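Here are some friendly notes to read alongside the model. Take them one point at a time, with the structure open next to you.

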Amino acid sequence: MFDFKSKASRQLLVLGALTFNVWGIAHGAPLTLKTTVTDISGKTQRLPTPGQKATVLVFIAHDCPISNAYAPEISRIVADYAKRGVRFLVAYAESDFNVVGARKHARAYGFQVPIILDSKFRLSHAAGATVTPEVAILAPDGHNLYRGRIDNRFVSYGKKRAQPSQRDLRDALDAIVAGRPVPHPTTTAIGCFIPE
Amino acid sequence: MKFPSIFRWPLALALTSGVAVSCAGLLNQSQPGGFTAIGLPAKGGSVAPKAAPAAKVVTFNKDIAPIIYSNCSSCHRAGEVAPFPLLSYDDAKKRAKQIAIVTESHVMPPWKADEGKEKFADAHQLSMDEIAKIRQWTDAGAPEGAKADLPPAPKFAQGWQNGEPDAIFQATEAYNLAAEGDDVYRCYVIPTNYTEDRYVSAMEVRPGNHAVVHHVIAYLDTSGKAREKDAADPGPGYTSFGGIGVTPAGSLGGWAPGLVPRLADAGEGILLPKGADIVLQVHYHKSGKPETDLTKIGVYFAKGPVDKRIRSMMVINPLIRIPAGDANYTTTATRKVRDDITVLSITPHMHLLGKDMQISAALPDGSEKKLVHVNDWDFNWQMIYGLKQPMKLPAGTQVNLTARYDNSTDNPLNPTTPPRTVTWGEQTTDEMCIAFLFYTVDSEHLTKGEVAETMPGGGGGGILGGLSPGLRQMAMKLFDKDGDGKLNEEERQTALAWWRDHGAAIPATPPQ
């Protein structure tokens, strides 16, 4: 009992430090990512979504070709994991975009999830996302389980593999759904920079 | 100074030689940023930043705009290939960090040779000083600066860069492209229906959909075989990676992002044979959503008499055999120049494993001239290196090529996992080793009826053109069935098929 307690408290400390680092230090934003946002259809979305094993924020930009190229894979991941207790939201991390443009773009690229305009970069900065596309996975209590790339298809700007050899977002979600720790909680995404 | 014409770096005429190689991203026309084509100085000459005081603040208006205007804006503007504009302070501020990173890593502007503006027309290569300035500006928070410092915005011609073409060609209907998957090479067969030979001064490509069109080559077919392939494939055109699947009769040139076409010098032109079909091969990247494209080309005919044909030759090694795991496979090719020629441009060509190609000329007097050294090969940027000063090469000059490839697992671009032995072929998983040289023959005067003799293999040296004498002799033994010392079309096809079937394996002993 004693042992358990001390171990648990140690874990809590580590977790606290990690959470602080990911959500706090990166951009000086509040620690918690328990918040509500309004999507482009006017609905209030709670983050993280209650009753889900995980909530995934997918940060994109409508004029970023790397982010656009990932649209089909994003939709496949949504289809594969939505039925396993994972909730997805797509956030446009760009200041000069609007509801009409987002609706049109989301339809063209086949996103069938709630769409958020992150015009002031509140979410992307809080999540520590620096480029598009980049994803952040929230645990039910709002702490960060994974932040980084969807997969490693892009090696650098203008250089991509024929096929990705690491599918980090899928690996993270597989782990979360199975109740295991995420193998690599952060990775470096290649894409278009989100203004700081 | 006279600016080199567009066909100082034309393309794929080389394919007249008959090797259905292709995929040669032989891009015609100028490199990005041909401001010169439309009357602006190529180098942001309108602004000359003054000597910097010690604690100078780098601003957009004073320091960065001239760099961006003369190196980026020709592609980064509405209606052109780049995904976002770079025409204003707001445009640049929004991307400041990205601009600093891609210029430092030399990803942008896309220029892969070790020499730049001093040697090649329209080279878009930033100086170390310019790159450092962008970094300083970004780190300082991307300040705008004084309005008075801002140079006039560059002006670009809309639409056709050389005015309304003499003829416009396009496929009969738009092509539908899926949202994702492998790249597509689609060939549209467009009859010209001309009843006489014509000379082309320039060809300009207007991609129908910039989100997906990666590069375009206009081949010529006089055999009618491309039409047959078109008829056999549903939808507009037919699909063929690399080459067009038939032996082309030539090429009018090509286009890649940023290339701006210019008219050939007076008296020079590319032959468009009568009755030829244009086979417009469009290389598509997929964008993430379904797309359609209807790309068109404009052709400008030579306005006066043509005295010299713009020809091409290949320095080629079809016997490459790159062992699995070899991170630094090095191979060579060589080719002797038969006449006094003037080289206008050079186009190196490899696929995904290529990492370096150097082409130089050993002159009969023992001196050596460097043509081009691409030390950062990138399959996506198949440049045509147009010489600002065309290079004279006397008869007897040996053109030498050295190429290096990385077929290891450490090469993330290696399309095959685990690596396998890679030989010559047209697939992305195969490799090639070619340098195309575009040139005129000094002694040729078409206006006086003095026609230069076409080099063996129809100007390309044929598929044996780049072989060493020993290998050439062996290859001749294998394929010159009628023993006349040349490969006729049937023998050539046999040789090519053999190379395709056997890769570039060099047999220890010739087959019985």
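1. Let us start inside chain A. Strand 4 (residues 86–92) and strand 5 of chain A run parallel and are joined by three bridges. One of the pairs to look for is A:Tyr92, whose bridge partner in strand 5 of chain A is A:Leu117. Strands of a sheet pair through backbone hydrogen bonds, in either a parallel or an antiparallel way. Two strands count as paired here if DSSP finds at least two bridges between them. Helices (H or I, at least four residues) and strands (E, at least two) are DSSP runs, numbered from the N terminus.

2. A word on the ground rules: this is a predicted model, in which local features need pLDDT of at least 70 and side-chain atom pairs count only at pLDDT 80 or more, while totals for chains, interfaces and linings use all residues. Residues are numbered from 1 along each chain as its sequence is written, chains are lettered from A and ligands numbered from 1 in the order in which they are written, and side-chain values use heavy atoms, with hydrogens and water left out.

3. Now step back to the whole sheet in chain A. Its five strands form an open sheet in the order 5-4-3-7-8, with mixed pairing. Strand 5 (115–117) and strand 8 (144–148) of chain A are the edge strands, each pairing on one side only. From one strand to the next, the twist averages 20°.

4. Which helices lie across these strands? Helix 4 (residues 99–108) of chain A lies across strand 3 (54–60), strand 4 and strand 5, and runs at about 145° to strand 5 of chain A. Helix 6 (residues 168–177) of chain A lies across strand 3, strand 4, strand 7 (134–138) and strand 8, and runs at about 5° to strand 7 of chain A. For these angles, axes are lines fitted to C-alpha atoms, for helices over the stretch in contact (heavy atoms within 4.5 Å), and angles run from 0 to 180 degrees between N-to-C directions.

5. Chain B has an open sheet of five strands too, in the order 1-11-4-8-12 and with mixed pairing. Its edge strands are strand 1 (167–170) and strand 12 (308–309) of chain B. Strand 4 (residues 198–206) and strand 11 (residues 296–301) of chain B run antiparallel, joined by six bridges. Here B:Ala202 stands opposite B:Tyr300 of strand 11.

6. Next, the place where the chains meet. Chain A gives 22 residues to the contact and chain B gives 22 residues. The buried area (accessible area, 1.4 Å probe, that two parts lose on being put together, summed over both) is about 1900 Å², and carbon and sulfur atoms give 54% of it. In chain A, A:Asp63, A:Tyr157 and A:Phe193 lose the most area to chain B, together 30% of what that side buries.

7. A:Asp63 also forms a salt bridge with B:Lys94 through their side chains (3.8 Å, N to O). The rule, a side-chain nitrogen of Lys or Arg within 4 Å of a carboxyl oxygen of Asp or Glu, finds five salt bridges across this interface.

8. Finally, some backbone details worth a look. A cis peptide bond joins A:Thr132 and A:Pro133, with omega about -5°; another joins B:Met108 and B:Pro109, with omega about -10°. A:Pro133 sits in the loop between strand 6 (131–132) and strand 7 of chain A.
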